[in-house]
Every structure is written in C-alpha cells, then in structure tokens.
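Open the model in your viewer and switch to a cartoon view.

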Amino acid sequence: MPSVAERLVKPVRRLGRSGILIVCGLAALVGVRQLPPDASLSQVREAEVLLVCAPPGLPPLLTPQADGGFAGREAELVRAVAAQIGVPAQWNTQPGWGRGADPSDWGVRPSACNVAAGGIVASERTRALMDLVVYDRAPWALAGDPGAETIGLYLPFWGIDRGTGARAIREMGARPRFLFEAAHARDALQNGQVGAILTLRPVARWLAGGDRRVDRVEALPVQSLAIATWKGRTTLNRAVRRAVPQAGSAAAR
Amino acid sequence: MIGRAIQAVVDYLGAVHAVWLREVLRMLRDSGQIVGAFSRPVLWVMIFGIGLTPYFRTGLRETTFMVPFTYVQFILPAVVVLNVIYPAVQSAVSLIWDREFGFVREVFASPTPRSAVFLGKLFGGATIALAQGLLVLVLAPAANVPVAYSTFLAALIPMAAAALAFTAIGLFLAARMSSFQGFGVFANTLILPAFFLASSIFPLDPSLTMEQALQTFPAWLVFLVHANPVTYAIDELRWVMIEYRQFDATTARLVLVGFVLVPVAAAYHAFRR
C-alpha cells in the first residue's frame, strides 16, 4: 500500500525533468510574491514616525486635544496602526480638509502624510485616490425632531454624496441647511436654528448629546468608514489592514 | 440501435480524450513551455507591473485621471490573458509536427472522425492555456488582488474564451503552414499586437467620451483597441478581478462569444481540408 507521500511523488517522478521544473516554478512564484511591492512601510520605519493627515476635527471620531493630538475612535485606530508598525503617530492637521465641497480644494497631498484618517467614506471617489481599510459601517441618521421644518445637513465626510442627503431632507418635506463645522452644527441644534441634523450615526449621536432622539434613516444606503493610505503604497496598506479590525456591524445595528 | 449510438458516442469521446491527453502530456514534457509559463508572470507582474506602479500613483490634482486601482492591479488580468494566449497559439505547433512525422496521415486513415481529432487538439491546447493562465493568479496577493473562490470561478469564463479562441487561431494557422519557422513568425506577429492593442498595459482614460478619447489618443489607436476582441476578454477579467471595466458588459460578452465561434469554425474548416 503506497503512502500519501509516495502517491504525491509518483506523478511528479513520471514527468521527470518537467515535474521538477513545475515544482520549482510554483515554488518560485510563491517565493517572489512575498517580495515587498514598494518601500512605503520601510520608509515609515526609517523615518521612525507615522505621519497622519487629518481634518481639524471630526468629533466623536477625531476630537482635537489641547496637545495638538486627537482622541476618538479613528485616533485609537491610527495609534493601533502606529503600534503595529512600531513607530509613534504624528498628526499633520490639514486646515483645508472639509472646507468646501470639492476635496481637490482641501490641499491634502500624498507627500504630506503616510496615512489619512478623518471621516473617509468608501466610495468611487475615495477609492480612486486611496487604498481604503474599512473599519466600520455607519447608517445615515437624524439627530433631533424628524418632523422639523428646517433640517441641517452636516457631512464632514470625504467621499459622501451631499446631494443624496439634501434630496432626502427635501423628501421629508423639510428645508435643508448646510452646516460645515462640528461646533456650529451642535450649537445650531441646541439653540433651535435647525430642528434636526442629518448625518452619519456616530456623529448624529454626538450631536444629539444624549438628550435628543437619533433615528436611523433607512431610505439612505449604509456607508463604510475607512482609514486610508495613498494608492500604490501597498506594504503600508497591508500594515494598516493587520492593525485595523475589519468592519464590525455594531454601528449598522 | 440505441446501444450502437451510445457506443458511437463513447468511441467518439474516447478519441477526443486520447488526442486531448496526448496534447496535455506533450506540453507537460516540454521544458521550454514550462519555463515560459512561470517566467512570464514574474516578468510582467513582479518586474514590469511593480516597476511602473509608482508612475501611476494618484493624488489630488496630480494625475490625468483617477481610477480605483494601482497599475500592477490594472495589468494583472492582462498578464493572465497573455499567459493564456502564448501557450494556446504555441500548442498548435503540434499539428505541424504531427503532419511532418506522419501522425496526421495515420490518424486520418483510421476510422477516427476528423472532428474528434480537431476537438481533442482544440481542448488540449485550451486546457494547457487555461492552466498557464491560472498560474498568474498565484501572484495575485503580490498585487493586492484578493481571489475568492467565486472570483476564481468567474475568471475561468473569459480565460476559457481566450484559450479556445487562440487555440483555434493557432490551429487555423498551423493547418495552412508547413514550416515551424513560418508558424513562429506568424504567431509572434499575432500575439504581441493582439496583447498590446487590448488596453492591456496602457489604459484608455475611462472617464472620457469617445469624442474626448479621440482628442487624447490617435484615432487609429482608439479604433484598433475597440476592434480588438482581446480587449473585451481582458475587460471581462478585469471586472471579475478588480471590479473595474472600461467597456459595455453586454458588448464585451457578445464579442467574446463571437471571438470563440468564428475562429473555431474557421480552424475546423481549415483542419478538414
């Protein structure tokens, strides 16, 4: 009774030199695919710092701190990525990020950082620029009174379609009002300038502050929040993937 | 009556299988083909693809157009098709050998139907080509292209189409040629333009309309890329592997069906003569 090893070796031996060539060829392919396709990760290690582009603030995902750093869920993820690589994270706040509808005007450049974090939503637009590592799913939500006449639209997210939000507000029979800063949006809701604010659920909960209702908007598609590396920086992106837990569905529930 | 018909079918399939097996074993014993099968993916994906990727990096206001892939991801499906095309065409060399050494005469003098010999050669060449195309997928992780089982199965369709079409083209050429040298020259003259003119290694800007594309690229180049059936095989494979396509899906699938049927019919016609 031939052993399993003998059964495997037999056809290879029958092929002789070709069998050896096929085995060597497969081993070579598996071997070369382990080669790093770029130097992005080794450059971060050499620089001994992970540069992170971020907007001036996006609570509760990135809440600015007095020391110039950030707290919040995305800040924790970035620190986990830096720890995975073995270097500290250094924030490179981009003052123009989020100002205006066109990201081309925000002044964020690949040369400014290794990783980008701050409300990046997986979409055709962001995928064209960056390799995304999705960490959570976030449905649209309404913070405040769903029957309000004026509903604020606060979307400090990169890659989200503002037109979709504005249309949804009109379909609710309300008048949309665009809001661009977190503190301003929260104030507008607190002092009644808007009856409610449409945004993604993590931000809606922060805006509601515990004393207002938050309702999921089922009619709009659930979005995916991501940490990003610039396109082509594959080895760094793999390090981010290793550090960032894959999309949990907690926010979507 | 029915028993005889069944026996005829079994005999026919047996003849197809015998010729198919002969083709496959011939390839497995050809060191040159094996070395080529493994070296092409390494050359195109690991050296050419990774080497050029930095020049296609995207950034805001830094690129002509933005696309959701890296360069190495863009060319990976094209390299799969290239690794299918080469062995598919080269497998037809066996027909010239067989004619040269009298095997064809002996087989054609036997009761074996010519169509069975033709199908055996066609499927044999296509099997070898498909297997070599699959080798490229081993390098998919290097290009950051995840290949799930569903992706793998879906990828087999455009790969099989290219394999059958080019094996048939190879058989058509081999049936009409008597020298190995002539076949080799014809094969290379066919393979390289078919590959390079298939939106394989340079992308036609997908965001441009036809009118804009004609302003950006020379009209003859745009025309040849659109007229080349290999373009659509690569486009289908690109859709399966990186969820990106440049051309209309229905057009691509119709072209692929025609791309298989026409060469197979032409090759069978040439083979019977």
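Which residue in β12(A) does A:I120 stand opposite? Select A:I120 and look across: the residue facing it in β12(A) is A:A226. Bear in mind throughout that this is a predicted model.

**Stop 1: the sheet around β12(A)**

Now colour β5(A) and β12(A). The two pair in the antiparallel sense, over four bridges. Show β12(A), residues 223–230, with side chains. Seven of its eight residues are buried, so expect a strand that is mostly covered.

Pick A:D131 here; A:T229 of β12(A) stands opposite.

Go on to β1, residues 50–54 of chain A, and β4(A). This pair runs parallel and is joined by five bridges.

Zoom out to see the whole open sheet. Its five strands come in the order β4-β1-β5-β12-β6 (chain A), and the pairing is mixed. At the edges are β4 (89–93) and β6 (130–138) of chain A; each has a single partner strand, so one side of each lacks a neighbour in the sheet. From one strand to the next, the twist averages 25°.

Then select helix α4, residues 73–85 of chain A. Helix α4 packs on this sheet and touches β1, β4, β5, β6 and β12 of chain A. Its direction makes about 150° with that of β5(A).

**Stop 2: another sheet in chain A**

Select β7 to β11 of chain A. They form an open sheet of five strands with mixed pairing, in the order β9-β8-β10-β7-β11. The edges are β9 (175–179) and β11 (214–216); each has a single partner strand, so one side of each is left without a neighbour in the sheet. The twist here averages 30° from one strand to the next.

Zoom in on β7, residues 140–144, with β11(A). Three bridges pair them in the antiparallel sense. A:A143 has A:V214 of β11(A) as its bridge partner.

Two helices come next. Helix α6 (residues 162–171) of chain A packs on the sheet, touching β8, β9 and β10, at about 165° to β8(A). Helix α8 (residues 201–208) of chain A lies across β7, β8, β10 and β11, at about 145° to β10(A).

**Stop 3: the cores**

Move to B:V81. Along with B:V84 and B:I85, B:V81 has the most contacts inside the largest nonpolar core, which has 89 residues. Beyond its sequence neighbours within four places, B:V81 is in contact with B:A162, B:V230, B:A233, B:I234 and B:L237. Apart from that core lies another, of 72 residues; A:A116, A:L155, A:F157 and A:I160 are among them.

Notes. Residues numbered from 1 in each chain as written. Chains lettered and ligands numbered in written order. Predicted model: local features only at pLDDT ≥ 70, side-chain atom pairs only at ≥ 80, totals over all residues. Pairing = 2+ DSSP bridges. Axes fitted to C-alpha atoms, helices over the stretch in contact; angles between N-to-C directions. Contact = placed C-beta atoms within 7 Å. Core = buried A, V, L, I, M, F, W, Y, C linked by C-beta atoms within 7 Å. Buried ≥ 20, exposed ≤ 12 C-beta atoms within 10 Å, placed from the backbone.
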